[in-house]
Amino acid sequence: WEAAVEEANLGPPHGDLLPGKRLDKAVGPTDTTFVLTDAQKLTIGSLLRIGEEVVKITDAPVSSTLLEAVGPDETELPVKDAGKGFKAGDIVQVGGERMRVTSASGDLLRVERGVDGTEAGAHRIEAPVFEPDNEITVERAAFGTVAAEHKAGAQVFAGPIEPPKGPVVGAAGIPPCGQLAPAAAPSPGAGA
């Protein structure tokens, strides 16, 4: 097991290292809010590993992309799945500009442009749209681990993959690989 953890810590393509993602502040064993150096592109429901502990993300900054280029005067932004995470009152960022969300539904984000001292500008298609926040909320001691104290600067790794929830293929007589019947035993005298 120790060799597997060492290999995982090496990073891509062999491991689970999440470059640039470290704890920005220390956490105790009962804390459920973690401040990271970079909380972007983390997914709710995924697992992270810090030392020996695995945690499950229950809330993270939302991110998406622009579906079309927009000019500095537009307040309706075509954003992929805008209604699936953004909500009124959120602050989002595109490039160096921050905007306040007034409403979000479907693929449309309505915003107040150039907030927090930033200037409204033009943005290209597929530009990242994200909440400029580095806090995540987690469920502690996931995957059968024990909640622990973690120091500021601790490296954050991708967690293990959860086992399947349904039946294991091939178990209990379920034929693997789309076969219609279980594999037959070889007949006597059959060649290699």
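## Reading salt bridges in a predicted model

User: Where do I start with this structure, and which elements does the protein chain have?

Analyst: This is a predicted model, and its protein chain has one helix and twelve strands. Starting at the N terminus, the order is α-β-β-β-β-β-β-β-β-β-β-β-β.

User: What share of the residues counts as buried?

Analyst: Of the 192 residues in the protein chain, 33% are buried.

User: Now the charged residues, please. Why can some side chains pair up?

Analyst: Side chains of opposite charge can pair when their charged atoms come close. In this structure, a search of the whole model finds eight salt bridges.

User: Which residue forms a salt bridge with Glu53?

Analyst: Glu53 pairs with Arg140, and their closest N and O atoms are 2.8 Å apart. Glu53 sits in strand S4 and Arg140 in strand S11, so you can follow a link between distant parts of the chain, 87 residues apart. Both Glu53 and Arg140 are buried.

User: And what does Arg100 pair with?

Analyst: Arg100 forms a salt bridge with Glu112, with 3.4 Å between the closest N and O atoms. Because Arg100 lies in strand S8 and Glu112 in strand S9, this pair ties together parts twelve residues apart in sequence.

User: How do I read the accessibility of Arg100 and Glu112?

Analyst: Buried means under 20% relative accessible area and exposed means over 50%, with partly exposed in between. Arg100 has 32%, so Arg100 is partly exposed. Glu112, at 39%, also counts as partly exposed.

Conventions: Residues numbered from 1 in each chain as written. Predicted model: local features only at pLDDT ≥ 70, side-chain atom pairs only at ≥ 80, totals over all residues. Heavy atoms only, no water. Helix = DSSP H or I, 4+ residues; strand = E, 2+ residues; numbered from the N terminus. Buried < 20%, exposed > 50% of the residue type's maximum accessible area, 1.4 Å probe, protein only. Salt bridge = Lys/Arg side-chain N within 4 Å of Asp/Glu carboxyl O.
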